[in-house]
Amino acid sequence: MATKLNDYIEEVRAGYDDEQRARLDAQMRRFDLAGQLLALRLAADLTQAELAERAGLSQADISRYGRGLGNPTRTTIEGIAAVLGAHLELVRNDEHKSQPEPVNA
């Protein structure tokens, strides 16, 4: 049995067919973004309300994005990232699997 989250995810993926793996990968990308936004917000020592005000969003939106819910536009993500002193970075899918430390949103 896997003891690390990444090992567990790979164990689960191994039992899935291609379509199921694609759906899982899409969900994982949503939670990667959520985790990065949360880590950046905490590092900036901002509450959800403070980040929302500075980014011109509602606190409810920030809460949803931080839980991997909602569907923020690229413009919204870039706006949040700017407030947090970060930038939006696109990586190839095979690079994504290495799961680097959350430093960019």
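The model is predicted, so local features need pLDDT of at least 70 and side-chain atom pairs count only at pLDDT 80 or more, while totals for chains, interfaces and linings use all residues. Residues are numbered from 1 along each chain as its sequence is written, and side-chain values use heavy atoms, with hydrogens and water left out.

The chain has six helices and zero strands, helices being DSSP runs of H or I with at least four residues and strands being E runs of at least two, numbered from the N terminus. Read from the N terminus, the order of elements is α-α-α-α-α-α. Of the 105 residues in the chain, 24% are buried (buried means under 20% relative accessible area, exposed over 50%, and partly exposed in between, with a 1.4 Å probe and protein chains only). The accessible surface is about 7200 Å², and carbon and sulfur atoms hold 51% of that surface; these areas come from the Shrake-Rupley method with a 1.4 Å probe, and for residues only the protein chains shown count as cover. Among contacts (heavy atoms within 4.5 Å) with a separation of 6 or more, 49% link residues 24 or more positions apart.

Spanning residues 18-43, α2 has 26 residues and reaches 37 Å from its first C-alpha to its last, close to the 38 Å expected at 1.5 Å a residue (the expected span is 1.5 Å times one less than the number of residues). After α2 comes D45, in the loop between α2 and α3. D45 has a positive phi, near 55°, although this residue is not glycine; D45 counts as exposed, at 68% relative accessibility.

What makes up the largest nonpolar core? Its eleven residues are L37, L40, L46, L51, A52, I62, Y65, I80, A81, L84 and A86, where a nonpolar core is a set of buried Ala, Val, Leu, Ile, Met, Phe, Trp, Tyr and Cys residues joined through side-chain atoms within 4.5 Å. Helices α2, α3, α4 and α5 each give two or more residues to this core. In soluble globular proteins, nonpolar side chains tend to be buried together. Beyond its neighbours within four places in sequence, I62 touches R41, Q48, L51, A52, L57 and I80.

The structure also holds six salt bridges, each a side-chain nitrogen of Lys or Arg within 4 Å of a carboxyl oxygen of Asp or Glu. In α2, R23 and E19 sit four residues apart, about one turn of the helix, and their closest N and O atoms are 2.9 Å apart. R23 is partly exposed at 48% relative accessibility, whereas E19 is exposed at 54%. R64 is partly exposed, with a relative accessible area of 32%, and D61 is buried at 18%. A further salt bridge joins E78 and R74 at 3.0 Å, N to O; these two are four residues apart in α5, so about one helical turn separates them. Finally, salt bridges with shared partners join E10, R13 and D25 into one network.
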